Each structure stands twice: as C-alpha cells, then as structure tokens.
Amino acid sequence: MNRIAKFEKVSFEQFKKDYVDVFQESDEVKIKELYDSIKLPKRATVASAGYDFFAYTNIHLEQGQTIKYPSGIRCKIDDNYVLFIAPRSGLGFKYRLQLDNTIGVIDADYYNAKNEGHIFIKMTNDSKNGKVLDVKAGEGYAQGIFLMYGITVDDDADGIRVGGFGSTTK
C-alpha cells in the first residue's frame, strides 16, 4: 500500500485561537484538556477507505442547527493527492448530517497555510423529521478519504497558497 499522507495535530496555540474564535470559550485549562484529548484520524478496519475524525467534545445538533468545528487536525499530503472530507456514512443516513460545503477538499498545499492547515468541519443536521444528532466525545463524526488526481497537459498554475478557505480564488 502506498503511504501518501500523515495526520498531525495543529499547535496548541493555533487550536486555542480557533477554538476561542468559534466557541467564545477562553478557559485555557479546559482548552488544553480538549487539545490533549484530540485523537488523530484512523481507519476502523483494514478495508476501510475513510479515516474517521473523532469529536473531542460532545456535539449536539438540533434539526436545522449548524456547527463550525475546528478539528485540531492538519494533514501533510503528497503531491497529486487530495483529502476529501465527508460525514460518517451512518450519520448522513440516519440524520441527514451534511457538510455545508457538501464535501471538504483539502489540498496538499493547505498544510502550509497561515492557520497551519487546520481542518474545520462545518456541518448541519438536515433532518426532515425532527431528529436530534448527538455525537459523544471520542466518537467519529466525519471521515477523510485520500484520492489521487491528475492535471491537464496545458496546466499553468503558478499560485502559492497562504490562506485557508477560499483563498485560492482571491
């Protein structure tokens, strides 16, 4: 099997900044405990394509509710590969859990972005029948799948990424 990527935690300083920004919580002791509890994504079985992303807090989403979740994770990816992020299949099936950007696309050069390539996962409980989604700390909520991609023969891209979401079109 070809080894093409490596998951890592972002630095505590980056996680704290992003966590405070999203959750308006500034208790450094609590944030450090959450940071220390972050588990790197992993596959559940030898035949799994997806690497499960695990919650470090309980996630509670009422019908129609959205959360922007800083995962605490970054990923170093070889050239010509991309990481796609999707909800865990069971959560999508049972609760219509959806990512707000439909599928997350993590390019190899995102690792070097100003935010350390911190992967955020913005998700919505799109249940049509009032189901409440509860993911307990330590449980999987999303999955990442690596795919190889190609480029056109006349490709002339020469930009360098520095920002995060949407930065390549600015």
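This is a predicted model: local features need pLDDT of at least 70, side-chain atom pairs count only at pLDDT 80 or more; totals for chains, interfaces and linings use all residues.
Select Phe-12, Phe-15, Tyr-19, Phe-23, Tyr-35, Tyr-56, Tyr-69 and Tyr-141, which together form one aromatic cluster; across the whole structure, a search finds 13 aromatic pairs. Now keep Tyr-19 and Tyr-56 in view: their ring centres are 6.4 Å apart and their planes meet at 55°, so the pair is tilted. Because Tyr-19 belongs to helix 1 (residues 12–23) while Tyr-56 sits in the loop between strand 2 (51–54) and strand 3 (59–61), the pair ties together parts that are 37 residues apart in sequence. Both Tyr-19 and Tyr-56 are buried.

Next, select Lys-39 together with Phe-54, where the charged end of the lysine sits over the ring, 4.1 Å from its centre; then go to Tyr-95, whose face has Lys-131 lying over it at 6.0 Å from the ring centre.

Turn now to the largest pocket, which has a volume of about 500 Å³. It is lined by 17 residues, and those closest to its centre are Met-1, Asn-2, Ile-4, Tyr-51 and Phe-146. Strand 1 (5–9) and strand 11 (140–148) are the elements that give two or more residues to this lining, with the largest share, three residues, coming from strand 1. By type, the lining residues are 12 nonpolar, two polar and three charged.

Finish at Ser-89, in helix 3 (residues 89–95), which counts as exposed because its relative accessibility is 54%. The side chain of Ser-89 makes a polar contact of 3.3 Å with that of Gln-143.

Methods. Residues are numbered from 1 along each chain as its sequence is written. Side-chain values use heavy atoms; hydrogens and water are left out. Helices (H or I, at least four residues) and strands (E, at least two) are DSSP runs, numbered from the N terminus. Buried means under 20% relative accessible area, exposed over 50%, partly exposed in between (1.4 Å probe, protein chains only). A polar contact is a pair of N or O atoms within 3.5 Å; within protein, one must be able to donate a hydrogen and the other to accept it, and residues adjacent in sequence count only if both atoms are side-chain atoms. On a 1 Å grid over the protein atoms alone, a cavity is a set of points where a 1.4 Å probe fits but cannot get out, and a pocket is an open set with protein on both sides within 12 Å along at least five of seven lines; lining residues have an atom within 4 Å of a point. Grid points are joined across faces, edges and corners, and a volume is the space filled by probe spheres set on the points. Ala, Val, Leu, Ile, Met, Phe, Trp, Tyr, Cys and Pro count as nonpolar, Asp, Glu, Lys and Arg as charged, and the others, Gly among them, as polar. Rings of Phe, Tyr and Trp (its six-membered ring) pair if their centres lie within 6.5 Å; planes under 30 degrees apart count as stacked, over 60 as edge-to-face and the rest as tilted. A charge sits over a ring if NZ of Lys or CZ of Arg is within 6 Å of the ring centre and within 35 degrees of the ring normal.
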